[in-house]
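Here is a briefing on a single protein chain. Please look over the model, then read the points below.

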Amino acid sequence: MKPSLPKGTRDFLPHEVRRRNYIFDTIRASFHRYGYQPIETPVMENLSTLTGKYGEEGDRLLFKVLNNGDFLGKADDKDLINKDSNAILPQISKRGLRYDLTVPFARYVVMHQNELAFPFKRYAIAPVWRADRPQKGRYNEFYQCDADVVGSDSLLYEAELTQLLDEVFSALKLGVVIRLNHRKILAGLAEIAGHEDRMLDITIAIDKLDKIGEQGVEKELRERGVDGEAVSTIMKFLATDDLEEVAPLLESSEVGMQGVRELREVLTTIGFLVNRVEFDVTLARGLNYYTGCIYEVAVDPEAHPDIVMGSIAGGGRYADLTGIFGGRDLPGVGISFGAERIYDVLEELNLFPKDTNDDLDYLLLCLDDESLAHGFDLLRRLRQQGHNTDIYPTAAKLGKMMKYADQRGAPQVVIIGSREARSGAYTVKDMRTGEQRVDRLSAS
């Protein structure tokens with residue numbers, strides 16, 4: 001049978017793993033610097049934990065896990081005959097792969113609230129799964145790097161997370177635009193359009209603006225039951241790009257003006273950043289649980305005009321996510337880095353440091369059996385000194401071993417023959433420059 005992978009998943013070669021670890025290590029270092037603590041949750045959650053938290057599209061994209069054993073044994077025969085998948089699903093599946101790291105975090109907080117000090121700042125770097133159609137920058141299995149703080153409604157955290165986004169992308173030397181909006185501003189829009197009860201429909205349509213354009217948004221709004229006059233109001237609102245231009249449009253909406261005031265405070269608190277921060281009234285973030293400030297980060301087209309990629313980070317504030325699990329209502333706010341897309345962009349721009357290709361300091365090449373025994377002892381001593389070192393496992397022709405060294409990407413090879421074994425002075429070749437030197441390695 002020809003080996004294959006499920007669509008939307010990938011294998012990673014060693015050099016790709018090292019590059020991914022460079023991204024993770026950069027993000028993790030900033031998380032630590034900002035006082036976020038690591039936690040872990042299972043890759044599977046109960047479907048009751050996951051469903052109803054991400055909106056209709058999110059629920060559709062959940063990967064469901066079949067029950068153990070004879071999963072059809074307890075299924076209703078009538079539902080099976082009628083092929084009623086909605087009725088059959090809860091009978092054959094009680095678990096699902098996590099869709100993101102935020103809902104599991106909310107469940108975690110409720111279950112461990114007596115063991116945590118609030119405000120609680122956590123980070124997690126782990127894979128998630130979404131049954132979406134695979135395409136460039138979009139995978140069924142991918143890593144998220146999340147930072148959340150729960151237990152405080154202070155807007156200082158919105159400002160801090162904006163600074164954190166800026167720090168990480170600056171460290172990665174990637175120019176980005178950090179776009180901000182506020183769900184209360186969108187709630188105000190629904191109110192002035194006369195469709196308070198359709199805020200979810202409106203935000204889902206607005207969130208697709210980049211994909212389907214203005215005409216597509218207008219069409220979807222009408223299909224979702226928004227009347228023509230309201231559609232005109234919404235599209236006029238979306239044409240503004242300045243918070244102070246939006247404010248007069250929302251004067252009749254108390255909730256909308258609260259969103260304006262809060263976002264204004266965040267923008268004035270942030271301070272100087274390396275990357276651009278912009279208000280974007282079209283930013284909606286379709287997930288149901290956001291209730292306050294929302295974020296989205298994209299590659300800056302001015303800095304990198306040839307890059308075509310969707311958002312590479314995002315997040316927002318949620319007011320009642322923990323309450324739905326039966327715990328006390330704890331407000332929270334968080335961000336998530338899309339590691340896969342960040343990787344693709346860094347690779348396309350050739351922004352990975354050269355040393356991410358190196359996993360060795362030395363590769364030992366022995367010319368005969370006598371030097372092989374000596375080389376194995378030298379290998380032990382170099383490793384004890386903290387050097388990442390490997391050895392070609394047999395005495396072989398130098399050309400064959402040098403080819404292997406090239407394939408391994410070894411920066412330096414140590415050539416050991418009988419003379420080197422007796423003297424302890426080794427020929428060391430720099431594989432990048434071709435230069436050779438004599439070095440007593442174990443004495444250094």
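How many helices and strands does the protein chain have? The protein chain has 17 helices and 16 strands; both are DSSP runs numbered from the N terminus, helices being H or I of at least four residues and strands E of at least two. The model is predicted: local features need pLDDT of at least 70, side-chain atom pairs count only at pLDDT 80 or more, and totals for chains, interfaces and linings use all residues. Residues are numbered from 1 along each chain as its sequence is written, and side-chain values use heavy atoms, with hydrogens and water left out.

**Overall**

- Along the principal axes, the C-alpha atoms of the protein chain fill a box of roughly 90 × 60 × 45 Å.
- Of its 444 residues, 51% count as buried (under 20% relative accessible area, with a 1.4 Å probe and protein chains only).
- Take the contacts (heavy atoms within 4.5 Å) between residues at least 6 apart in sequence: 72% join residues at least 24 apart.

**Nonpolar cores**

- A nonpolar core is a set of buried Ala, Val, Leu, Ile, Met, Phe, Trp, Tyr and Cys residues joined through side-chain atoms within 4.5 Å.
- The largest has 92 residues, of which Phe-31, Phe-169 and Phe-337 touch the most other members.
- Helix H7 (residues 156–171) gives the most to this core, with 7 residues.
- Another core, of 14 residues, lies apart from it; Cys-366, Ile-391, Ala-421 and Tyr-426 are among them.
- Beyond its neighbours within four places in sequence, Phe-31 contacts Tyr-36, Tyr-123, Ile-125, Cys-145, Asp-146, Ala-147, Leu-164 and Phe-337.

**Helices H8 and H13**

- Two packed helices are described by the angle between their axes and the distance between the axes.
- The axes of H8 (residues 183–192) and H13 (residues 254–269) come within 7 Å and cross at roughly 155°. Axes are lines fitted to C-alpha atoms over the stretch in contact, with angles from 0 to 180 degrees between N-to-C directions.
- H8 and H13 are therefore roughly antiparallel (an angle over 145 degrees).
- H8 contributes Lys-184, Ile-185, Ala-187, Gly-188 and Glu-191 to the contact, and H13 contributes Val-255, Gly-256, Gln-258, Gly-259, Val-260, Glu-262 and Leu-263.
- These contact residues divide into 5 nonpolar, 4 polar and 3 charged. Ala, Val, Leu, Ile, Met, Phe, Trp, Tyr, Cys and Pro count as nonpolar, Asp, Glu, Lys and Arg as charged, and the others, Gly among them, as polar.

**Helix H9**

- Helix H9 (residues 199–206) is mostly covered, with 6 of its 8 residues buried.
- The buried residues are Asp-201, Ile-202, Thr-203, Ile-204, Ala-205 and Ile-206.
- Their cover includes helix H3 (55–60), H8, helix H10 (209–223) and helix H11 (228–238).

Methods:
Angles under 35 degrees count as roughly parallel, over 145 as roughly antiparallel, 65 to 115 as roughly perpendicular and the rest as oblique. Buried means under 20% relative accessible area, exposed over 50%, partly exposed in between (1.4 Å probe, protein chains only).
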